[in-house]
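Below are some notes on the fold and on a few side-chain pairs. They are set out point by point, to be read beside the model.

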Amino acid sequence: MISRATIPIAFWGSISQSTAKLSLLVILLLCGPPAMAGEGPWPSFMATTLSGEKVDSDKLIGQPTLLILTPSSNAAQSTREWVKTLRSKIDQSKYRVRDVLAVDLPFFMSEEDAIGRAKEKIPQPYHDQTWILNSQIMEGALGVPSDSDEAVIVVLDKNGNLVSQVHGKVTTARMSQIFDALQTLSTD
């Protein structure tokens, strides 16, 4: 990303403040996160379910999906709140709900260790719906810090296109944003 520090000071001093702000906005839009709503299919990735099955991002195609991304262990509480809320309020026959635990495993920890720890916290009926992803591909695509304390909810259409993303605690406003995104899918 281009920062103000990399643009010569003479540039900033020679134009009006409003032009500078507009230029910075254009730079941020051009250099922002690659996954923007409506911009093509979700990035490809491979993950492992808690039941041990290898899955790839193609599993997200065919049905509208809500992904609950857990970018760090500190986001576990936020994820639990989202899982409880979404599973109680979303028609799971119409919309698939998946939890993706994005982990950056240290060299001394195996994927099996991570799966074992996750199994201790996640009820067995959801093991096939919870994926371990040893990669920061999703955080990078969404522009979410890998140490975020809050879960990210991603709404994908049946073709794997990003429709909406919500980051933070469960609130009425964020639920409305998710419901609005889902409403646009039901008219497709």
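Predicted model: local features only at pLDDT ≥ 70, side-chain atom pairs only at ≥ 80, totals over all residues.

1. E4, helix H4 (residues 111-121) and E5 make a right-handed β-α-β unit. Right-handed here means that, with the strands pointing away from the viewer, the path from the first strand over the helix to the second runs clockwise. Helices (H or I, at least four residues) and strands (E, at least two) are DSSP runs, numbered from the N terminus.

2. Residues are numbered from 1 along each chain as its sequence is written, and side-chain values use heavy atoms, with hydrogens and water left out.

3. The strands form an open sheet of seven, in the order E2-E1-E5-E4-E3-E6-E7, and the pairing is mixed. Strand E2 (54-56) and strand E7 (162-167) are at the edges with a single partner strand each, so one side of each has no neighbour in the sheet. From one strand to the next the twist averages 30°. Two strands are taken as paired if DSSP finds at least two bridges between them. Strands of a sheet pair through backbone hydrogen bonds, either parallel or antiparallel.

4. Which strands does E4 pair with in the parallel sense? One is strand E3 (residues 65-70), joined to E4 over six bridges; here Thr65 has Arg96 of E4 as its bridge partner. The other is strand E5 (residues 130-133), which runs parallel to E4 and is joined to it by four bridges. In that pairing Ala102 stands opposite Leu133 of E5.

5. Is E4 mostly covered or mostly open? Strand E4 (residues 96-102) is mostly covered, with seven of its seven residues buried. Buried means under 20% relative accessible area, exposed over 50%, and partly exposed in between (1.4 Å probe, protein chains only). Arg96, Arg98, Val100 and Ala102 are on one side and Val97, Asp99 and Leu101 on the other, and both faces are covered.

6. The antiparallel element is worth a separate entry. Strand E1 (residues 46-49) pairs with E2 in the antiparallel sense over three bridges, and Ala47 has Val55 of E2 as its bridge partner. H4 packs on the sheet and touches E1, E2, E4 and E5; its direction makes about 145° with that of E5. Axes are lines fitted to C-alpha atoms, for helices over the stretch in contact, and angles run from 0 to 180 degrees between N-to-C directions.

7. H3 lies across E3, E4, strand E6 (152-156) and E7, and runs at about 160° to E3. Within H3, Thr79 is buried at a relative accessible area of 5%. Leaving aside neighbours within four places in sequence, Thr79 is in contact (heavy atoms within 4.5 Å) with Ile68, Leu69, Thr70, Asp99 and Ala151.

8. Ser164 is in strand E7 and is buried, with a relative accessible area of 9%. Its side chain is joined to that of Gln177 by a polar contact of 3.4 Å. A polar contact is a pair of N or O atoms within 3.5 Å; within protein, one must be able to donate a hydrogen and the other to accept it, and residues adjacent in sequence count only if both atoms are side-chain atoms. Not counting residues up to four places away in sequence, Ser164 touches Ile153, Val154, Val155, Gln177 and Ala181.

9. How many salt bridges are there? With a salt bridge taken as a side-chain nitrogen of Lys or Arg within 4 Å of a carboxyl oxygen of Asp or Glu, the count comes to three. One of them joins Lys54 and Glu111, with the closest N and O atoms 3.0 Å apart. This pair links distant parts of the chain, Lys54 being in strand E2 and Glu111 in helix H4, 57 residues apart. Lys54 is exposed, at 53% relative accessible area.

10. Glu150 forms a salt bridge with Lys169, the closest N and O atoms being 3.2 Å apart. Glu150 lies in the loop between helix H5 (137-142) and E6, and Lys169 in the loop between E7 and helix H6 (172-186), so the pair ties together parts 19 residues apart in sequence. Glu150 is buried at 18%, whereas Lys169 is partly exposed at 49%.
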